Amino acid sequence: MIEKTGLVLEGGGFRGIYSAGILDYFLERDIRFPYVIGVSMGACNGTNYVSKQVGRNLRVPYNYINDRRYISFYNLIFKGGLFGMDFVFGEIPRKLDVFDWKTYEESDQRFIVVATDCRTGKPEYFEKGKMDDLLEVLKASSSLPFISDMITINGKSYLDGGMSDSIPVRKALEDGNEKLVVILTRPEGYEKKPSSMGFLTRIKYGKYPELINCIENRYREYNETLDYVKRLESEGKAFVIRPVESLDMGRVERNRDKLKATYYLGYRDAEAIEDELLEFLR
């Protein structure tokens, strides 16, 4: 396992299937990092990377994206969110496609999940071995604004970690890593635009002024972080893997063929850069 090197996993909804292909290639080649931090879908991918369950990051959405319990307007109308969170983070990992708790818990890798505290609008970092319920934390990190309910953990309300720390490279460096491998789901040159939902944001989250500020400034934080990642890359402190072009994949995707194609794109990209990556790690 590579010392003092962190793996940073961006979210992006189903665009994260690209990252899933990369991580499965890493597992097959026994490329392991002592520190893993992920946001939203990136956190879900990272969980299965730590538990060494090759294929699970693709298998779960591929098998269930057309199941109403997984994602549907029925859920949005009757259960408060587009995704059936209790199904995704309850029935699936506990019964239908069982998560390997033993391997996860026995892993010596540090694993951190990012969620956004709705009261402060700031990121909160939940670490393996120090969080009460991994599945609830993943649920919080993956709960997108507007289409998901807030998730309560220890009396505090949380939403998608990507709103407050989309690419947690600073946290990874603060935790003592000297080098970073960063997996992004947007191509080079991408720039996030300001939210066009300011009025709706204020209506829906009027009781959470710091969350409103977080949502409205997310584009600025994201673009500044991309600039910082580029600087780390130029200094030889970061190795960035990202798709060459925009992925033909929505944040919410129902096409199985697109899921599989995006997964194998990530897998092939990892294969193509393996020698360069290993040289960076040395």
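Is K130 buried or exposed? At 67% relative accessibility, K130 counts as exposed, the cut-offs being under 20% relative accessible area for buried, over 50% for exposed and partly exposed in between (1.4 Å probe, protein chains only). The model is predicted, so local features need pLDDT of at least 70 and side-chain atom pairs count only at pLDDT 80 or more, while totals for chains, interfaces and linings use all residues. Residues are numbered from 1 along each chain as its sequence is written, and side-chain values use heavy atoms, with hydrogens and water left out.

K130 meets E127 in a salt bridge (3.9 Å, N to O), a term for a side-chain nitrogen of Lys or Arg within 4 Å of a carboxyl oxygen of Asp or Glu. E127 counts as buried because its relative accessibility is 15%. Both residues belong to a network of salt bridges that links R110, E127, K130, K171 and D175. Helices (H or I, at least four residues) and strands (E, at least two) are DSSP runs, numbered from the N terminus. D175, at 23% relative accessibility, counts as partly exposed, and R110, at 31%, counts as partly exposed. The whole structure holds 22 salt bridges.

The UniProt record, an unreviewed entry, places the feature "active site" at S40 and D160; such positions are given in the numbering used here, feature names are shortened, and annotations may be inferred rather than shown by experiment. The two residues span 121 residues in sequence, yet no two of their C-alpha atoms are more than 6.2 Å apart, so they gather at one spot. S40 lies in the loop between strand 2 (35-39) and helix 2 (41-50), whereas D160 is found in strand 6 (residues 156-160). S40 counts as buried at 6% relative accessibility, and D160 counts as buried at 3%. Neighbours within four places in sequence aside, S40 is in contact (heavy atoms within 4.5 Å) with G11, S141, S142 and D160.

Strand 6 is also among the elements that cover the buried residues of helix 10. These residues are L211, I212, C214 and I215. Down the axis of helix 10 they fall within an arc of 160°, so they line one face of the helix; the arc is that of the directions from the helix axis to the C-beta atoms.
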